[in-house]
Amino acid sequence: MEEHLSVSFVRTEPLPQLPPPATEQGIVKWLRENLFSGWLNTLLTVLSLIFIYKLASDTLPWLLNGIWNTDSLAECREILDGTTGACFSVLTDRWNQLLFGFKYPSEQYWRPTLAFVLLIVAAAPVLFFDLPRKMLIFTGLYPFIAFYLIWGGTIWTPIFALLGFVVGYVVYSRLVRNSFATAFFSGIAAALVSWWLGGFLTDLLASETPALEAVQSRDMGGFMLNMILGTVCVSLSLPIGIVLALGRQSDMPIIKWICVVFIEFIRGVPLITLLFVANVVLAYFLPPGTSFDLILRVIIMITMFASAYIAEVIRGGLAALPKGQYEAADSLGLDYAQAMRLIILPQALKISIPGIVNVSVGLFKDTTLVSVISMFDLVGMIRGPILASTDWNGVYWELFLFASLLFFVVCYSISQYSQWLERRLQTDHR
Amino acid sequence: MTTITDPPKEQFRLSMLLNDTRYRSLTFQFIALLLLIAAFAYLGSNLITNLRAAGLNISYGFLGEPAGYDINQRPIEYTSQSTHLRASIVGIINTLIVAFLACVTATIFGVIAGVLRLSKNWIVRKLMAIYVEAFRNVPVLIWILIIFFIMTAALPSARVYLGEDPERDLFLGLFAFTNRGIVMPLPVFQPLGWAVLGVFIASVFGVIAYRRYATKLLYDTGKLLPMGWPSLAILILPTIIAFYLLGQPITLDRPDPLANRFNLQGGVTILGSLIALWFALAIYTGAFIAENVRAGIQAISKGQTEAAASLGMRPGRIMNLVILPQALRVIIPPLISNYLNITKNSSLAIAVGYMDVTGTLGGITLNQTGRAIETVLLLMLFYLLISLGISAVMNVYNKSIRLKER
């Protein structure tokens, strides 16, 4: 008995820790927890694996066996000789048409390409705050440079357009210390006057200066057209949307109701009907004899469409601000314009970023709708000239895959950027 | 002694319209109104000048004239001799058909994908994330065209199903997938068949009554009756019994490969364009709905789940009784605006030749009569009415679910 109760039986040091059981560590544990944690999960996993396998076994040979360098579908099918494989050669053969449309002069392709590269440079300081602020000067100049590069013609048009803005801004900044409204409207008036004068001068000077070859709007096409419509309409609709949102929040009943009716009307109809308006109706409302480009009419309608949606997003941002912010601005003695510019809008816009980005992505996708009114954007090119040609009649997957991929890359990166920006602007502590 | 006098009454001066914030808003509104009237007058006078120059007028008389074109999907009686008005109504019904089908399907896709995105299963979660991102970031028009291409170019012509020894057999003996569309059987009701349908409707009410009774019993006595299998039994059994007792009065008009040498006869054909539009809208919008559902479920704090669990509820009941009622409050408003988007996006039908209201009124009628202003105006009015109607419903709903706070 006594030997059994010997104190020396008690351990003086702890046992070395054993490794966890094999099923509770490493990849086995991960698999058990994430893939096979119950009969339902196991079933889902097996189904997903079967699905992935089916998808991969169907598409991979097609992708990997792709043909990249033939001139027609018949030639491509001949090379494939009955085996599965994609005819990506339609992309290499029609690459320029997919990007620039079929009418843009081919020796001028460098111009839209350069405009696109410059777009990245111009957008960078707006998107990333760490870049030197001086780059914003280039951003301000970019619309005029891009216009000149893409449309060509005489260089005086963009120069005088720019000059009008400069004159307007100078007048505005001289007067803004007295009253915002006076300065704002005088600025607009000054700009209008200088544009009017510039119009005369452009006509005088146009014949004497060297110019880039002018390209008509109806010759724009391909993915370039989507990019033009997307960038122009989003950048124009932001300021208009802000004004509409402020108008809808206003205490002045007439202004409020004008904004409400506009916003609700535009949001209530599909974009296609607005494009119909641009295509067949708008001409009736313009002075007789004027001929607007179709592309300009489409830009007007899409901008109206987008600004109504952006106005709603910003209104949400304005409504989400605590009332104290408005009262604080009032108690500092700021007038309406100052309060909005310095206190309300910076915060409201920050809250609205995700919504604005959603609208922009949606708008960029919706630019494909112009193919319905027989403009040859990327989708229009695919449905029209490419699929109708004898060479490539019947090659669908490759083209639509390419189009989806282009849009996916652009839209997905925009939404990733917005998520990054949201984290960046987060000032509350979590 | 001091006398108290009234402060000098401020006189209204004209300059106060510009300088005094109390009156300045009047000035602004007046200017805005003037500008608006001027703009409308300008546009209107342009319109009148242009119409006169073209020898046109604004008139809706064309709606009464014969349309002269065929519509490939006619839910109501329509021939090419019918009027443009009737063509528009056919178009409206076709719009509502595809919008309804797409809304139902998109909800199913969206709810499944949204719930699965929160699954514990890694591979399912990733698959659903890929689905959502892939479909949200590609224009819906491209999806419509892709599915339309599958329906028309990738499927065989009806010929392969024909004859004694066809290249392909009907799927389950009932369905044929052809490049014109999917041919599927149509139920034919003999007089007694309607009785079977009546029995079925009665049993639906029976199920509702049973569930009410079970809930009442639970609240009154705490006794829990089984819900699942009795409901199912009440729903199915009487109908089946009635069906066989009345001598199988509902038959199927199935596609017959032997009746005709050139085309399948019998059954009903669902057009490829309808299917393309329907599924593209459903899959595309489903991706958006999935995000709403996920956000709605995640918006419910984890404490709610834990509180319910600590009351001893089982996971299924926690979902049904605690999480979903709260999540629906977050999910339903964006869900309804997604339905609105489906309805508006269904106007893309014109890209695949599905004859919805944009295809009839805004497409062929516009081209044939040249009445651009009138047709586009009517078209906008139709969509506007639907949107305003749906937002009215949404406002009522939002009011009804608003948190009742003290």
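This is a predicted model: local features need pLDDT of at least 70, side-chain atom pairs count only at pLDDT 80 or more; totals for chains, interfaces and linings use all residues.

I looked up the strand order. Chain B holds an open sheet of three strands, in the order S1-S2-S5, and the pairing is antiparallel. In general, strands of a sheet pair through backbone hydrogen bonds. I then asked which strands sit at the edges. They are S1(B), residues 176-178, and S5(B), residues 268-271; each pairs on one side only. From one strand to the next, the twist averages 20°.

Next I checked the S2-S5 pair. S2(B) covers residues 181-184, and four bridges join S2(B) to S5(B). These two strands run antiparallel. Within the pair, I found Ile182(B) opposite Ile270(B) of S5(B).

I also looked for a helix on the sheet. H8(B), residues 272-299, lies across S2(B) and S5(B). Its angle to S5(B) is about 50°.

**The contact between chains A and B**

How many residues does each chain give to the contact? I noted 47 residues from chain B and 40 from chain A. On the chain B side, the elements giving two or more residues are H2 (21-54), H4 (122-136), H5 (140-154), H10 (315-345), H11 (357-369) and H12 (372-401). H2(B) gives the largest share of that side, 13 residues. Last, I sorted the chain B side by residue type: 32 are nonpolar, twelve polar and three charged.

Notes
Residues are numbered from 1 along each chain as its sequence is written. Chains are lettered from A and ligands numbered from 1 in the order in which they are written. Two strands pair if DSSP finds at least two bridges between them. Axes are lines fitted to C-alpha atoms, for helices over the stretch in contact, and angles run from 0 to 180 degrees between N-to-C directions. Two residues are in contact if their C-beta atoms, placed from the backbone, lie within 7 Å. Ala, Val, Leu, Ile, Met, Phe, Trp, Tyr, Cys and Pro count as nonpolar, Asp, Glu, Lys and Arg as charged, and the others, Gly among them, as polar.
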